[in-house]
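Visitor: Please take me through a close look at a single part of this structure, and then show what else there is to see.

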Amino acid sequence: MSKFFHSLGRKGVDLVKKKLGSNEKRDSAGAAVPSSATRMGDSGAAMYNILMNPTFDQGTQWWFGLGCSLSVNHENGSSYCVGHGRTETWQGVAQEIGERLELDVEYRFEAWVGIGAYGPAEQAPVQATVKVETESDGIKYNWIGSVTATRGQWVLLSGKFKINNLGKSSVLYIEGPPSGVDVLVSSVAVVPTTPGASQRGSQMGNHMGNPAGTPTSNTQPAAIQPSIGLLYNPTFNDGLRGWTQKGCKAYVTESLGAIRPETGKYFAVASQRTDTWQGIEQDITGRIEESTLYHVSAKVRLNGGSVSEAMVLATLYMKGEDGKDQYMTLGRVNASSAQWSELKGEFLVNKLPARASIYMEGPPRGVDVLYNSIFCFKPERPKVEGPIMFQNPRFGTNIVHNTNFESGLKEWYPQGNCRLSIAHGCPTLLGPAAQKSFMDSPPPGLRGSYLLITNRSYDWEGPAQTITERLQIHMSYQVSAWVATRSPHQLGMKHKVDVCLSVDGQWIQGGEVLAGDVWEEVVGSFRLEKQPENVHVYLQGPGAGVDVMLAGLHIFAVDRAARFPMLRERTDQIRKRDVVVKLQNSNGERLAPGTRVSVKQKRSSFPIGSAINHYSLENKAYKKFFLDTFNWAVFENELKWGWIEQKQGELKYENADELLQFCESNGIPCRGHCILWETEDTIQDWLKTLSPPELGEAVQSRVAGLLSRYKGRFRHYDVNNEMLHGSYYKDRLGPQFLPYLFQLAHQFDPEAVLFVNDYHVEDGCDCKSSPTAYIDHIVDLIHQGAPVGGIGLQGHIDVPVGPVIQHALDHLATLGLPIWFTEIDVESVNEYTRADDLEVLLREAFAHPAVEGLMFWGFWEGTMSRKNAQLVDSDKRVNEAGLRLLALKEEWQTSFEAFVNEQGEVPFRGFLGDYTISVDDFGLAQTFELVKGDEPAFVDLSF
């Protein structure tokens, strides 16, 4: 159990058991655990196959890809496993068998194997090996047997082996074919040899169950279905077989001018496109599985046309049994004509459609789209890792050496041809955000010396220091520094300054700020997920000729849980109220002292909500978790203009109506997201063809139509999403359009609170949306008459650090407007780290008086825009992040049993919300609401 979870206890575990109602024994990944190894036998003696899931009827459960990916195909009542994405001969299909092996016992191995229908080889060797790792002998490989496999045919691979030293691990794996060739495996058995076992050898396949298309004893094998995952012919080795042209022309080639495939031999081209929806398509009807997570991966590129960059999307089309059409974006990438780009995504389908297909779309007309590969497969669920424990974390210790320049320029060196020198006259205290991290000890002081960087010819030139050996992987680091700039030719101008890390040649943001001739604090955070070979920290940003000043650069591991006791105290102060409940009987007499009462909070008045989407409402477990856990909602896409009016004049409100009806019937208030979206890549193509007057009329119609239709039904609206990062409407309709849009929205729905909404405000990594920039933007809107009623922080944060978040909230709170986190998600493959990140963000927000609501941007795996951010896995297992949220919600509610005092009262301090008080002697209950107030509340109840 992680240090963070110790701070809460494990209340959430019991809550989850209640929510899911499952008594099934599960392994660490949440999958069903067989009670014993599979027993296999005939009418004579019984044979025990020590392999789990030997016929892949349970998908890839118990199996893993050794250096490759796995998927399972189900055909004609049988299943087989495909090891794909192989780049080495040793990669293949594997299972850990060490706990089921016995020393010096001979085992017989048999499996039906084959090779994929695509790749460079018609024939290839397939072999079975056991890899044994022991403390004494290290790693040894035990060869079992080998066979030559031919495309389209199953062949029996067999052999015997004996293990004479059991150690840490014994892995059976099936390998052999060259790079790019898939290995296929079906019906595998490992059984102890017994007298007569050799006579049964050729029959063992029947004991195991024949794979799809495998022979019985004397029939010829049928063709193997050429499938890798969900899509046929994903690398176009077989031309366009399996693919169709959707509104365009398509062909497969080895080259196109200087363009070559990034991998493999071929790529497909969608040409003569006259609309954005046109591309290539593959029908997957009957192949897709219900409530199953799929990953999508595609290598794409642009060619020709009027643009060099454009968004490419993978889309799932479904026609339901009721005849309704649904479209789901599976993934997107901003592709270019200069290089191949990788599109990634994930999805699941909650109800099998009558028809389904996956197609590629996105770029404007006249642009050809190139596809090197398009894969869609069921991912292997990773083993659930435990919490990460740190040895000697040295919290608060600066890993940047000689930060006060007492040893001159020792440890520092210039990048490029800039000059470094030491000057004096900078702040002598750490920045405010950094100071907040030193709670139990005084923060280190500065000496007043700073580094002056001159003679800069490029924006990347600046000071650097190597810190490779001082970093720990998985540790959360906070960044703080004082910076300033000066330019003789640009007096008073501010320039972007970044503290960055180069990690094995990859760039990582440490913090960013706009700085001029006044010292500014850079704040930020980062975390490394794998051990690097070379890391250096450096300063960059301003253009040529601009001098930069750096003082007090600190990078230190931060003990994020150390703030929790203080945050609990703040939470108690701002989220609770003293209350005195006076109890009397029906005759007006106060209840006798010592009467036992139960106080239970039934509803919190603090909004904790989530984004939902219409297609997930078909998932009963999804709906139950949402209704049990959240008390507010926002629609992920269904209210956006691009969803409702993708084509001019064709208004589709059905999905939004469905979601709103669901929420209202369950008493769930809703936020409206969003009226407009200011960034250009979200604008429908038909809008881009309009003149400014026509665009103004279209906007007027959008606002009037949306807000008139739903007047009084949405509590909030995000009016013009991400104005700090885009200016599409502003550039075409003028700067006065921004406040006018708020005024227009208020005119059509006066009761709705109108929000600004943007990202990277709370994490210090984007000077476009720093707290200062956001405040200036909001003040400007208000001064121009915009009725701004709330501040939205999206909360898509990578490494939450409490003082950095508080620093932003304190600044924004000076405006006196309510702050909502509107799109919370935190991402980590390790769900304990994800839970820790989530707890930091939620505690900081809940303990801040200016924050009035928390909205998640989804919670269910396969339905979220951000991977590895889910609270509930696709197999319905509530993971550690979900448990952490449930435990926090339990902590943030008040329920107890007490006795009436001498005055006939029950005094307590409780969280705001609805309460039920029951008196044991009467068997009756009364309710009351505890609302916000500075003075104690007095409640009179009669029984």
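**P443 and beyond**

Guide: P443 is partly exposed, its relative accessible area being 31%; partly exposed lies between buried, under 20%, and exposed, over 50% (1.4 Å probe, protein chains only). This is a predicted model, in which local features need pLDDT of at least 70 and side-chain atom pairs count only at pLDDT 80 or more, while totals for chains, interfaces and linings use all residues. Residues are numbered from 1 along each chain as its sequence is written, and side-chain values use heavy atoms, leaving out hydrogens and water.

P443 sits in the loop between α4 (432-435) and β27 (449-454). Helices (H or I, at least four residues) and strands (E, at least two) are DSSP runs, numbered from the N terminus. Not counting residues up to four places away in sequence, P443 touches L430, Q435 and F438, with contact meaning heavy atoms within 4.5 Å. G431 is twelve residues from P443 in sequence, and their C-alpha atoms are 9.9 Å apart.

Next comes a helix. In α5 (residues 564-575), the buried residues are F564, M566, L567, T571 and R575. They cover an arc of only 150° around the axis, so they lie on the same side of α5; the arc is that of the directions from the helix axis to the C-beta atoms. The face turned away from this buried side carries the exposed residues E569 and Q573.

The largest nonpolar core has 114 residues, of which V699, Y717, Y729, F821 and F928 touch the most other members. Apart from it lies another core, of 37 residues, including C248 and A310. A nonpolar core is a set of buried Ala, Val, Leu, Ile, Met, Phe, Trp, Tyr and Cys residues joined through side-chain atoms within 4.5 Å.
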